[in-house]
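I opened the model today to look up one residue and then the chain around it. My entries follow.

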Amino acid sequence: MADIKLNPKVDDYLSKSKKWKAEYEKLREIILDCGLTEDFKWMHPCYTLDGKNVVLIHGFKEYCALLFHKGSLVKDPQNILIQQTENVQAARQIRFTNVEEINELEPVLKAYIQQAIEVEKAGLEVEFKKNEDYAIPEELQHKFDEMPDLKAAFEELTPGRQRAYLLYFSKAKQSKTRTARVEKYTQHILDGKGLND
């Protein structure tokens with residue numbers, strides 16, 4: 001790892017990690033061994049190829065994970081890639097609960113990471129379900145009609161952020177709740193923020 005440039009932000013992140021520290025360090029070593037560039041995005045260690053995101057390390061309460069940004073395009077002969085929720089279209093995770101699992105899977109992880117690198121080199125893109133396939137709730141449409149600025153701001157959001165809002169607003173069973181949700185997030189949308197920003 002002599003010629004590999006470690007990112008000080010990742011060093012800092014690892015030094016402050018209370019949970020999953022050994023797991024993060026092992027994943028970092030494996031990923032850097034695959035020749036990716038270390039970056040720090042979305043408050044997590046992120047590894048890129050020519051500026052394109054390939055994998056990310058992140059932790060949750062129950063597990064830590066190696067997230068493949070275009071995991072849906074990675075072949076999964078070991079059947080270890082997990083789709084976090086049904087709404088996640090591109091990313092896939094491999095989850096761990098201890099460093100031994102990572103050590104055992106090291107050759108497999110390297111093979112999956114190499115495959116993800118090849119996906120990036122080939123310029124492959126995930127075919128996203130279009131946001132037009134998601135209905136705009138009536139309550140949001142009323143707000144758009146009332147505030148053209150809101151519609152313009154919504155259309156400026158990334159497709160993922162638009163989708164998150166549409167799903168969140170639509171999930172409410174009652175119109176009253178949908179209206180309340182739209183009201184609550186109007187300023188967020190106008191500020192160009194996503195649901196969880």
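**Entry 1: one glutamate**

Buried means under 20% relative accessible area, exposed over 50%, partly exposed in between, with a 1.4 Å probe and protein chains only.

I noted that this is a predicted model, where local features need pLDDT of at least 70, side-chain atom pairs count only at pLDDT 80 or more, and totals for chains, interfaces and linings use all residues. Residues are numbered from 1 along each chain as its sequence is written, and side-chain values use heavy atoms, without hydrogens and water.

I placed Glu-139 in helix 4, residues 138-146. Helices are DSSP runs of H or I with at least four residues, strands are runs of E with at least two, and both are numbered from the N terminus.

Which residues does Glu-139 touch, not counting those up to four places away in sequence? I listed Ser-175, Arg-178, Thr-179 and Val-182. Contact means heavy atoms within 4.5 Å. With Ser-175, the side chain of Glu-139 also makes a polar contact of 2.8 Å. For such a contact within protein, N or O atoms lie within 3.5 Å, one able to donate a hydrogen and the other to accept it; residues adjacent in sequence count only if both atoms are side-chain atoms.

**Entry 2: the chain**

I counted 7 helices and 5 strands. Along the sequence they run α-α-β-β-β-β-β-α-α-α-α-α. Of the 197 residues, 42% count as buried. The C-alpha atoms fill a box of roughly 60 × 35 × 30 Å along the principal axes.
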